[in-house]
Amino acid sequence: MLIKVVGVLKILQKLGMNINWEMIKLTQGLWPRRRGIEPIRRLCIQLKSISERYLYLCMVMVLVIPVGMTGCQSSEGTAKIPDKVDFNFHIRPILSDRCFTCHGPDASQRKEDLRLDTREGALAALKDYEDRYAIVPHNPEASEVFLRVTSEDTSLVMPPVSSNMKLSEYEIKLIKKWIEQGAEFKPHWSLVPPQMPTIPTVDEASWITNEIDYFTLKKMEEVGLSPNPKADKVHLLKRVSFDLLGLPPTLEIQQKFLSDDSPEAYEKLIDELLTSQHYGEKMAIHWLDVARYADSHGYQDDGLRTMWPWRDWVIHAFNQNYPYDQFLTWQLAGDLIPDKTRETILATGFNRNHKITQEGGVIDEEYRIEYVTDRTNTFGKAFLGLTFECAKCHDHKYDPISQRDYYSTFAFFNHVPEKGIVGTIDASFADPPNMEITDEDLEKVLSFVNKKDTATLEVMVMKDSMGLRDTHILTRGNYDAKGEKVAFATPEAILEYDTTRFEKNRLGLAKWLISRDNPLTSRVLVNRIWQEIFGRGIVKTSGDFGMQGELPTHPELLDWLALDFMNNGWDMKRLVKLIVMSSTYTQSSKLDKKAIEKDPENLYLARSNRIRLGAEMVRDHVLASSGLLNPEIGGPSVKPYQPEGVWESSTSGRGLLQTYIQDHGGDLYRRGMYTFIKRTVPPPVMLMYDASNRDQCEVRRLNTNTPLQALVMLNDPTVLEASRVLSEKLITEHIPIEEKIEKAFQLILCRASVEEEKTLLINYYNEELQRFSQHPQEANKFITIGEFPAKETEDKIQVAALMQVIHTVYNMEEAITKS
Amino acid sequence: MEKPFLEHHLNINRRHFLGKLGLGVGGVALGSMLAPGIFKGTTDEAESVPLGFKHFASKAKRIIYLFQNGAPSQLESFDYKPTLNKMFGEDLPASVRGEQRLTGMTANQSKFPLVGSKFAFSQYGQSGTWVSELFPNIAKITDDICVIKTMHTEAINHDPALTFMQTGAQVGNRPSMGAWLSYGLGSENKNLPAFCVLLSRGRGNGQGVYSKLWTNGFLDSIHQGVQFSSGEDPILYLNNPEGMDMGSRKKMLDQLEALNEMGYQEFGDPEIHAKIQQYEMAYRMQTAVPEITDISKEPDHIIKMYGPDCLVPGTYAANCLLARKLSESGVRFIQLYHQGWDQHGNLVGEMPLQAQDVDRASAALVTDLKQRGLLDETLVIWGGEFGRTNYCQGKLSDGNYGRDHHPRCYSLWMAGGGVKAGISYGETDEFGYNIIKDPVHVHDLHATILHLMGLNHEQLTFKHLGRRFRLTDVHGKLVNGILA
């Protein structure tokens with residue numbers, strides 16, 4: 001139906017009828033039904049000729065209305081106006097999105113001197129009409145805001161027609177009721193420190209494993225959902241193994257866990273996984289995105305840098321389970337703490353991971369400012385979940401971060417004795433300030449740094465100059481347009497920067513961040529850990545806890561987790577364990593039609609999400625399950641197989657990184673996180689699987705499904721080689737072919753195959769065996785893929801046929817999915 | 001990251017549909033609903049669903065952007081300034097230079113000696129467009145093109161300037177123009193990506209390119225530019241491994257589909273069907289792409305037109321010919337980069353070589369599209385990231401000179417796609433340093449390009465981290481003077 005409608009519209013558009021975007025949306029059933037007939041009327045009058053209007057109306061009658069009935073089920077469309085309208089949950093999102101651009105925090109853009117982001121502003125008399133008010137509590141009809149959003153007059157209606165924005169009937173009703181109820185303003189939810197919520201009471205208490213479940217189950221019960229049954233042990237094992245280690249469970253672990261029927265089996269498994277050194281690697285992958293870690297400088301010629309010892313520290317820190325407050329303090333201010341060590345200084349490399357130019361002819365100060373800017377923006381996004389960068393050129397349009405606040409925060413990062421450009425390509429792998437990692441370090445405090453040769457190794461770190469630079473507001477963000485001088489401070493709306501409590505340097509800033517009354521730090525972190533496990537944060541916009549961000553689906557749970565995390569010493573392993581032990585986590589991911597219909601995005605967590613593995617883990621899974629994985633931890637990044645010409649076709653022809661010199665031997669089989677990241681040309685497979693290009697701080701990856709990903713799984717030599725090596729290994733085992741296939745299946749899907757799958761695969765094996773017997777030269781070619789030495793075997797035909805079957809199993813949707 | 005309004009609702013809609021339809025629809029039809037906007041077909045009208053809609057009717061459907069990477073000098077190509085020849089060696093008057101900031105390469109020069117083009121200019125065509133002798137073939141198509149002499153930008157270094165031209169911002173991980181168009185209009189061909197990237201390198205001083213220039217930024221990665229290469233695999237991982245022909249591949253995919261279908265029975269996850277669909281598309285690409293990239297079947301007169309280089313994969317000429325073929329097949333945005341235009345010194349030696357590499361094929365592309373009746377619906381753009389100074393960088397000698405980066409004015413030409421043909425737009429002063437009439441900022445160019453494609457630059461938005469982003473940020477004015 002939908003397809004036909006669009007087809008008809010396209011034809012009409014071709015015939016010259018002025019069909020526009022809105023009409024198409026409407027006709028596709030994308031128009032929220034709550035808008036009723038009004039949009040149709042409004043669109044209709046846009047058509048000039050009567051016959052066009054007639055035609056359009058006919059179409060709407062015939063096509064849209066039936067589609068609309070089966071179509072979009074907007075939650076708003078059917079939602080009732082709540083009894084008590086809440087400013088944070090109902091009103092601010094509307095005001096912020098539709099009004100704040102001109103009537104919000106940004107003083108320079110404010111129209112008519114009216115601001116609606118504070119109660120004071122909204123209740124004050126209008127600039128030109130002393131007896132009129134934007135909002136008159138309890139009286140919508142006297143409130144200019146209500147009159148304007150409902151106005152029929154296009155010159156008066158708000159938001160203005162030119163903004164392409166408008167309010168829905170539902171939103172208008174909300175505003176009306178909110179004014180009727182007294183127009184109460186509240187501070188933005190995320191800026192109010194979390195309050196310990198009472199644990200809700202639920203009907204199905206037997207389902208509960210820990211506190212998390214009370215909150216999720218309560219929500220499910222409210223919306224009429226009930227939790228999925230518990231996941232099978234096999235699926236659960238694969239899921240939790242990837243979530244904690246980023247690797248599939250070995251056959252031994254599969255065996256051990258599946259045969260352990262004791263009630264503690266799952267908890268024992270979790271405890272075992274949490275002590276694995278691979279846990280640190282898994283946790284580090286996300287942190288490397290946050291920290292925009294890479295192996296090259298990033299601009300233009302894009303030369304080599306050696307920040308990998310800092311990366312090794314991150315893995316070490318997670319494995320040692322450093323409390324988050326310490327983890328964060330060391331990275332922000334490890335050079336300033338009283339008991340600093342070589343290790344705490346190395347940790348400050350976090351703030352030197354930004355890109356650095358090597359383009360001859362740049363203006364030094366312009367780029368130095370750029371680096372400080374990057375640190376400031378990263379600070380905002382990584383630790384506070386706020387879009388600080390919006391306040392670089394002007395006051396933030398939505399959030400209470402003024403341009404002054406921005407540069408006051410900027411001041412903390414502005415004292416590094418650094419240059420915008422140290423030199424052109426290959427002038428330096430670690431621009432000053434830096435630290436040399438000595439042999440003594442490696443033996444003692446930095447023993448986790450996996451240095452493999454005797455060459456000098458330097459890493460960029462933070463340092464503050466003796467004489468401090470003045471920091472100024474930069475007008476419109478221009479490096480040379482110095483405005484007023486500013487002191488060290490942070491946005492007051494988050495938490496006042498009280499200099500009697502906090503030093504005027506990065507150490508003070510770290511203390512401010514981890515102070516109990518900072519409303520954001522803990523919430524932002526627990527939300528991201530949740531996101532990395534469930535695929536979606538309690539606040540979906542994990543990088544934006546501001547007014548334009550999404551509201552938490554489970555606000556009380558978020559607060560509970562945030563406080564519990566702080567109350568228990570910012571213990572990350574404990575938090576991870578708490579989450580994966582919950583009944584919420586251990587549900588099955590099976591979907592039924594009703595569940596999709598009721599909660600398509602799984603906001604209420606009445607099932608587990610099926611999620612495609614992240615870029616690094618796709619690779620790790622292939623290598624680990626085939627037995628190829630080199631489990632070495634840390635060290636310089638490596639260069640595995642990469643198609644020819646990827647670096648060469650885009651290089652400027654200068655520097656050490658103009659050609660890709662592939663590694664050999666064990667370095668070909670390292671985990672994905674160790675693949676060398678040249679920022680201007682990141683590893684293509686990683687990008688195809690939505691990895692960050694490490695250009696700037698990223699806190700959330702997309703998860704897409706494209707034909708290019710299919711091509712990688714089908715033709716990447718890594719996957720083919722893994723299939724070959726596993727095939728060779730199995731062929732030499734003295735077990736029947738059915739068992740060989742089953743073993744491969746178990747390694748890759750981490751479960752036993754079902755009868756139907758078994759039959760299909762064995763039949764396919766026999767067909768391939770026949771094909772390769774008829775074309776032995778094809779078999780010979782097929783089994784030469786990859787550099788891993790081939791096993792001496794008599795029967796190449798069998799190896800090829802089994803390799804083909806294994807490769808097919810690798811390509812199954814379930815192979816690279818947590819389910 | 002936010003799913004945009006439309007995709008979000010589409011998603012709900014899609015899933016809702018699945019619920020209503022009882023999931024009984026066959027794999028193919030289902031797949032197209034699950035993944036609309038990806039690789040949509042030209043043949044089946046009905047398949048090009050949601051994203052492929054314009055805001056208003058327009059002529060242009062596709063873009064071929066011939067990016068001259070490194071910044072070719074406007075003063076030796078399209079902006080004729082005889083005054084500079086007359087004032088050879090004289091210092092650039094301070095009043096003309098004004099407050100312009102300089103790059104570190106010439107900021108410390110005590111003198112800024114003016115230098116005119118070593119290469120002669122003439123007027124061509126009915127339009128009387130000025131073109132230098134370095135571009136004899138482009139000179140022949142002046143009546144088909146519109147030369148903008150008054151482009152200007154904010155950046156003075158390659159990386160930020162190039163990033164600005166391609167993404168609308170000097171820094172930050174914004175989607176590039178091709179990704180925006182893929183997002184806004186989808187693809188016309190279900191077997192090819194909507195946004196393709198072709199690279200070549202000239203003989204002049206080069207500056208690198210980087211994949212950020214064709215990034216999807218915060219948009220879905222289906223909008224990422226797909227780089228074509230001249231190597232064995234025209235697209236990464238396109239070719240089957242040795243020992244596996246298309247027949248065996250098909251067979252494998254059949255097994256795979258059956259296995260995945262079993263998975264669907266188990267989990268009921270619509271994503272599994274989407275996956276099946278992506279594998280089918282991958283398979284179709286395996287056939288379609290080699291056909292497209294095979295230029296051996298092009299007739300002689302075409303080869304002649306683009307020049308013999310077009311038979312050498314990876315050259316600019318070969319990429320121009322390939323661009324035509326891709327465009328003809330419905331690829332929405334084809335981005336070429338030709339490196340080597342950074343003539344800080346030895347301009348007299350290098351620029352003719354660069355021009356020789358691109359002149360013939362650029363003109364051939366326009367002519368070829370025209371003779372196929374495709375020029376009206378294809379927008380061709382030719383130009384670099386900024387201009388070059390009217391004074392010499394380094395020591396000025398009689399025979400040779402170099403030019404530093406200049407952001408205040410540079411030339412760019414466009415052809416087809418609803419652009420006025422046979423005009424020169426805008427004027428610079430007699431020094432070729434400042435704009436005196438009709439400036440076109442990079443944001444204005446972007447607004448105009450989107451307009452030519454039927455998109456309103458203020459309405460093509462994507463909400464990400466609380467803000468509705470646009471290619472034109474909060475700027476951009478339509479350049480009405482160049483619209484046909």
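Chain A of this predicted model has a radius of gyration of 30 Å, which agrees with the value near 28 Å that a compact globule of 819 residues would have. Along the principal axes, the C-alpha atoms of chain A fill a box of roughly 95 × 75 × 60 Å. Chain A touches a partner, chain B, through a contact that takes 96 residues from chain A and 84 residues from chain B. Here is a short tour, topic by topic.

**The two chains**

- Chain A is built with 34 helices and six strands.
- In chain B you will find 13 helices and 17 strands.
- Buried residues make up 53% of the 819 residues in chain A, and 62% of the 484 residues in chain B.
- Take the contacts with a separation of 6 or more: in chain A, 69% of them join residues 24 or more positions apart.
- For chain B, the share of such contacts between residues 24 or more positions apart is 76%.

**Confidence in chain A**

- The mean pLDDT of chain A is 90, and 90% of its residues reach 70 or more.
- Residues 25-36 of chain A have a pLDDT below 50, and in the model this stretch makes 46 contacts beyond near neighbours in sequence.
- Another stretch to read with care is residues 64-77 of chain A, where pLDDT stays under 50 and the model has 33 contacts beyond four places in sequence.

**Where the chains meet**

- With 96 residues from chain A and 84 residues from chain B in the contact, several helices of chain A each supply at least two residues to its side, among them α1 (2-14), α32 (755-774) and α34 (796-810).
- The helix that gives the most to this side of chain A is α29(A), with eight residues.
- By type, the residues on the side of chain A that touches chain B divide into 34 nonpolar, 38 polar and 24 charged.

**Nonpolar cores**

- The largest nonpolar core has 322 residues, and the members that touch the most others are Ile579(A), Val809(A), Cys146(B) and Val380(B).
- Domain 3 (279-514) and domain 4 (715-818) of chain A both give residues to this core, so it lies between them.
- Leaving out residues up to four places away in sequence, Ile579(A) touches Ile212(A), Ile529(A), Trp530(A), Ile533(A) and Tyr585(A).

Definitions and conventions: Residues numbered from 1 in each chain as written. Chains lettered and ligands numbered in written order. Predicted model: local features only at pLDDT ≥ 70, side-chain atom pairs only at ≥ 80, totals over all residues. Helix = DSSP H or I, 4+ residues; strand = E, 2+ residues; numbered from the N terminus. Buried ≥ 20, exposed ≤ 12 C-beta atoms within 10 Å, placed from the backbone. Contact = placed C-beta atoms within 7 Å. pLDDT = per-residue confidence, 0-100. Nonpolar A, V, L, I, M, F, W, Y, C, P; charged D, E, K, R; others polar. Core = buried A, V, L, I, M, F, W, Y, C linked by C-beta atoms within 7 Å. Domains from an automatic or database assignment. Rg over C-alpha atoms; globule rule 2.2 N^0.38 Å.
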